[in-house]
Amino acid sequence: MSTGLQTMQKAEGESVTLGCSYTLNSLDTGELDIEWSLVSPDTTQKDQMLVSYSSGTKYIHDNHALANGLSFAAPDPSLGDASLTITLLSAAHSATYQCKVKKSPGVDMRKVTLVVKAKPSVPKCWMEGGELIGEALSLHCKSAKGSTPLKYMWRRESAGPIPAAATQNAETGELKISNHSQSFAGIYLCEVNNAVGAEHCRINLKANKPPNRAAVIVGTIVGSLLFIFILLVFIGVLYWKLGNRHRYEKEFSNEIREDVPPPESRPVSRRTNRSANQQPQVTYCQVDGMEVGCLDDEDDTHTLSTNSHGHTLVKCTPVKYDSKYGYAV
């Protein structure tokens, strides 16, 4: 029986053929039996049969979860090729398989270890730090999925190989540049790989000239002075508007005071009028050279004759009180 590969590594989702070729001896006269079984890691446990061939018939032992997708690679295993094919590999297929060919009195077997791994996913490339000349920066590359170990490798696709001053870490995917210059500019490719696959990503690294520091300082000073000037102008305008408003309010209040008429005289209360009516007033005047007295009694008039004092009372109209101008004189 040919030895072939003892250990095989494959990616998930792929197919694999586990080789098992044999040559019969002329002395082997018994019935041909071929068996593929899954070797138990525990030596105390029995191996599990997967597929078999006996008396010209193929058998699939579906009592095992891995039986699906298993078959003999050759249409007729009795012709010297008993290889086993497995489709749609998954991590569960990682195991040790045994091929056993028996034809009495001869018997032979071989074991194949299959390791199923996940391919690296497409990595992400990014940069930390600026692209200014003279500064430090680092390029990073990281794959989110994939069976370990993963190896990273940076290379420059344009402008020649990466300068020796740059250092890279194959395990972390970091490329360090301590003093950036025009010689580092170019398109960089990062490739990540493991035993079953590889993927890559790219990034364009530029080298920009740093800005003029003196111009930056002058610009900062000018900008600060301009801001202070604008702030002072704003404060001045605000103060001027507040002053005008206060002056306008003061003038408006003076105009209101000048336009208000003087208050009217307080009317005499009814009680005061009544008291005054209780004491009739006498008004004296000259009538034909004689002093005449008139009695004021609200609406009444009185005519008096000559009394003992030589006065003559005549009929007269009482004087009325005006609330605005008082008594007429």
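**Group meeting: a nonpolar patch and a buried glutamate**

I'll start at the surface. I217, I221, L225, F227, I228, L231, L232, F234, I235, L238 and L242 together make a nonpolar surface patch of about 1100 Å². Keep in mind that this is a predicted model.

L238 sits in helix α1, which covers residues 213–259. Is L238 buried, partly exposed or exposed? L238 counts as partly exposed, because its relative accessibility is 44%, and that class runs between 20% and 50%.

Now the overall numbers. The chain has 329 residues, and buried residues make up 27% of them. Two helices and 21 strands are assigned. The chain exposes about 22400 Å², with carbon and sulfur atoms supplying 56% of that area. As for contacts between residues at least 6 apart in sequence, 52% of them join residues at least 24 apart.

The second residue I want to show is E131. E131 is in the loop that links β10, residues 124–128, to β11, residues 137–142. E131 is buried and has no salt bridge. Which side chain of opposite charge is nearest to E131? That is K206, at 6.0 Å, while the cut-off for a salt bridge is 4 Å.

K206 still comes into the picture through its backbone: the side chain of E131 reaches the backbone nitrogen of K206 at 3.0 Å. Leaving out residues up to four places away in sequence, E131 touches L137, H180 and a run of neighbours, N204, L205, K206, A207 and N208.

How values were computed
Residues are numbered from 1 along each chain as its sequence is written. This is a predicted model: local features need pLDDT of at least 70, side-chain atom pairs count only at pLDDT 80 or more; totals for chains, interfaces and linings use all residues. Side-chain values use heavy atoms; hydrogens and water are left out. Patches are made of residues with over 30% relative accessible area and no salt bridge: like charges are joined within 9 Å, nonpolar side chains (Val, Leu, Ile, Met, Phe, Trp, Tyr) within 5 Å. Accessible areas come from the Shrake-Rupley method with a 1.4 Å probe; for residues, only the protein chains shown count as cover. Helices (H or I, at least four residues) and strands (E, at least two) are DSSP runs, numbered from the N terminus. Buried means under 20% relative accessible area, exposed over 50%, partly exposed in between (1.4 Å probe, protein chains only). Lys and Arg count as positive and Asp and Glu as negative; His and the chain ends are not counted. A polar contact is a pair of N or O atoms within 3.5 Å; within protein, one must be able to donate a hydrogen and the other to accept it, and residues adjacent in sequence count only if both atoms are side-chain atoms. Contact means heavy atoms within 4.5 Å.
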